[in-house]
Amino acid sequence: MSELLASTQVNSNTATLAGKGLVSGYQNTLILNGVDIELKEGKVTSFIGPNGCGKSTLMKTLTGAIKRALVRSAF
């Protein structure tokens, strides 16, 4: 996971939790590659998808539970 991503700005004025160009995974397996997400305050958001599609990896990356590659994120 040594990909270099373009620098982007996250609009922290409107998002409670956000990430731009998220890249992460486990060991040599890339799970997220260039994911953009903004979770708004006061909104209910759910992640729906089949097993192994990256739902948990996305949340672990956003919260810092697993290491992410070069990204910009805001809380």
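Which residue in β2 is the bridge partner of G25? The legends below take up this pair and its surroundings in a predicted model.

View 1. The order along the sequence is β-β-α-β. The protein has 75 residues, and 29% of them count as buried. Its accessible surface is about 5,200 Å². Carbon and sulfur atoms supply 50% of that surface. Among contacts with a separation of 6 or more, 53% link residues 24 or more positions apart.

**View 2. Strands β1 and β2 run antiparallel.** Strand β1 covers residues 17-26, and strand β2 covers residues 29-39. Eight bridges join the two strands. One of them answers the opening question: G25 has L30 as its partner in β2. Eight of the ten residues of β1 are buried, so the rest of the structure largely encloses this strand.

**View 3. The hairpin turn between β1 and β2.** Two residues separate the strands of this hairpin. Q27 sits in the turn. The phi of Q27 is positive, at about 55 degrees.

**View 4. T61 in helix α1.** The helix spans residues 55-63. Is T61 buried or exposed? T61 counts as buried because its relative accessibility is 0%, and the cut-off for buried is under 20%.

**View 5. Polar partners of the T61 side chain.** The side chain of T61 makes a polar contact of 2.6 Å with the side chain of S24. A polar atom of the T61 side chain also lies 2.7 Å from the backbone oxygen of T57.

Notes
Residues are numbered from 1 along each chain as its sequence is written. This is a predicted model: local features need pLDDT of at least 70, side-chain atom pairs count only at pLDDT 80 or more; totals for chains, interfaces and linings use all residues. Side-chain values use heavy atoms; hydrogens and water are left out. Helices (H or I, at least four residues) and strands (E, at least two) are DSSP runs, numbered from the N terminus. Buried means under 20% relative accessible area, exposed over 50%, partly exposed in between (1.4 Å probe, protein chains only). Contact means heavy atoms within 4.5 Å. Accessible areas come from the Shrake-Rupley method with a 1.4 Å probe; for residues, only the protein chains shown count as cover. Two strands pair if DSSP finds at least two bridges between them. A polar contact is a pair of N or O atoms within 3.5 Å; within protein, one must be able to donate a hydrogen and the other to accept it, and residues adjacent in sequence count only if both atoms are side-chain atoms.
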